[in-house]
Amino acid sequence: MKNQTNITVIPGDGIGPEIVSSVTQIIDSLDLKLTWDYVTAGKTSLEDSGELIPQIVYHSINQNKIALKGPIETPIGKGFRSVNVSLRQQYDLYTNLRPIRSLKNDRYSNIDLIIFRENTEGLYIGLEKNIDKDTVHATKLVTRSGCKRIIKEAFDFAVKHNRKKVTLVHKANILKLADGMFLEIGRALSKEYPDIEFEDVIVDNMCMQLVLDPNQFDVIVAQNLYGDILSDLCAGLVGGLGTVPGANIGTDIAIFEAVHGTAPDIAGKNLANPTALLLSACMMLEHLEYFEASNDIRKALDKMFQEKLLTKDLGGNLSTSDFTSQMIGFIKNT
Ligand code: NAI
């Protein structure tokens with residue numbers, strides 16, 4: 001993967017094309033000579049070709065193994081399966097890594113948390129059926145191997161990055177089998193990492209604890225649905241969804257995308273904040289071992305926040321395109 005240059009780009013729907021354009025322009029200003037292989041998926045593709053994920057998307061990802069993806073709208077109802085869930089399952093991208101870091105001093109300062117969300121199982125397998133016209137069953141799938149690999153990722157990350165503590169989030173008091181197994185595996189695995197503190201917290205209490213004092217946590221590991229909800233909660237602690245990046249990582253393929261969605265309320269208005277996707281792109285550059293380039297972007301971004309050059313969602317007045325030009329200016333002057 002080192003210094004690979006071909007990258008699949010899925011601009012996505014809503015604000016997707018605006019933020020993807022901003023991020024690719026910023027990276028291009030670093031002259032890494034990356035080639036962006038653009039393919040379309042989601043609502044835009046459905047309207048153009050009748051398919052949510054055309055074959056060309058799979059072909060491109062299979063070839064490049066790395067993708068940068070804008071948010072995608074999955075039509076609600078009508079039997080459509082989420083594009084995001086489909087891609088994560090197709091490539092077994094079992095780790096959803098979501099770093100939550102304060103960029104500006106908000107209600108809380110110095111937040112630096114990492115969420116490991118299990119990305120292929122749980123309630124997101126989309127197995128629902130009508131038992132009768134007034135009753136629906138939704139299946140939550142939990143496997144021993146699925147639990148083990150995501151919890152192990154969290155511990156290994158903690159060791160590699162000098163983190164102190166892993167917090168496992170669950171609801172084993174109610175879901176004694178499904179969440180009970182997750183907890184039991186976490187407890188057993190923790191014995192192999194004696195230098196990392198381990199604790200488990202029930203998900204509802206976890207929400208309150210995060211709001212009261214987020215700095216008591218370090219690395220968090222959770223099943224799919226809890227991890228999804230906790231990431232949006234944590235985004236709220238650091239100023240909103242506009243700043244939280246993410247990566248979906250499997251054994252040989254990785255897709256980098258922001259935590260936020262298509263933001264239909266601001267789409268096409270040049271208001272979207274590209275920071276979350278830009279930080280996802282930094283994670284991608286680090287994955288490809290372009291460490292210097294990623295560092296240059298992070299330094300320029302820190303300067304934007306120090307000088308309060310912010311988009312509207314963070315209380316500033318920069319448009320998406322102003323943000324892009326200002327970032328490129330800072331990068332050129334470092
Ligand atoms: P959302 O994340 O799109 O928006 C929630 C709020 O945050 C809105 O007020 C929006 O304006 C704001 N926001 C989000 N990103 C922003 C950014 N970069 N800059 C400034 N403001 C930003 O969540 P919502 O409304 O629940 O979902 C909209 C659509 O996105 C749905 O169709 C959903 O399925 C899809 N979605 C897609 C995801 C993906 O492709 N990974 C993830 C989450 C949702």
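Select isoleucine 72 and the ligand: a backbone N or O atom of isoleucine 72 lies 2.7 Å from an oxygen atom of the ligand. This is a predicted model, in which local features need pLDDT of at least 70 and side-chain atom pairs count only at pLDDT 80 or more, while totals for chains, interfaces and linings use all residues. Residues are numbered from 1 along each chain as its sequence is written, and side-chain values use heavy atoms, with hydrogens and water left out.

**The ligand and its shell**

Taken alone, the ligand exposes 810 Å², and the protein buries 66% of that (areas by the Shrake-Rupley method with a 1.4 Å probe; for residues, only the protein chains shown count as cover).

Next, display the 19 residues around the ligand; Ile72, Gly261, Ala263, Asp265 and Asn273 come nearest (a residue is near a molecule if one of its heavy atoms lies within 4 Å of it). Coloured by class, this shell has 9 nonpolar, 5 polar and 5 charged residues. Here Ala, Val, Leu, Ile, Met, Phe, Trp, Tyr, Cys and Pro count as nonpolar, Asp, Glu, Lys and Arg as charged, and the others, Gly among them, as polar.

**Two loops**

Select alanine 263, found in the loop between strand E12 (254–257) and H9 (helices, H or I with at least four residues, and strands, E with at least two, are DSSP runs numbered from the N terminus). Its phi is near 40 degrees, a positive value in a residue other than glycine. Is alanine 263 buried, partly exposed or exposed? Alanine 263 counts as partly exposed because its relative accessibility is 22% (buried means under 20% relative accessible area, exposed over 50%, partly exposed in between, with a 1.4 Å probe and protein chains only).

Move to glutamate 289, in the loop between H9 and H10. Glutamate 289 also has a positive phi, near 65 degrees, and with 37% relative accessibility it counts as partly exposed.

**Helix H10**

Now select residues 291–306, the 16 residues of helix H10, which reaches 22 Å from its first C-alpha to its last, close to the 22 Å expected at 1.5 Å a residue (the expected span is 1.5 Å times one less than the number of residues). Which residues of H10 are buried? They are Ala293, Ser294, Asp296, Ile297, Ala300, Leu301, Met304 and Phe305. Show helix H1 (16–28), helix H9 (275–287) and helix H11 (320–332) as well, since the buried residues of H10 pack against these helices (contact means heavy atoms within 4.5 Å). Just after H10, lysine 308 takes a positive phi of about 55 degrees.

**Serine 231**

Go to helix H8 (residues 224–237) and select serine 231. Serine 231 counts as buried because its relative accessibility is 0%. Its side chain is joined to that of arginine 98 by a polar contact of 2.8 Å (a pair of N or O atoms within 3.5 Å; within protein, one must be able to donate a hydrogen and the other to accept it, and residues adjacent in sequence count only if both atoms are side-chain atoms). A polar atom of the serine 231 side chain also lies 2.5 Å from the backbone oxygen of glycine 227.

**Glycine 42**

Finally, select glycine 42, in the loop between strand E2 (35–38) and helix H2 (43–49). At 0% relative accessibility, this glycine 42 counts as buried.
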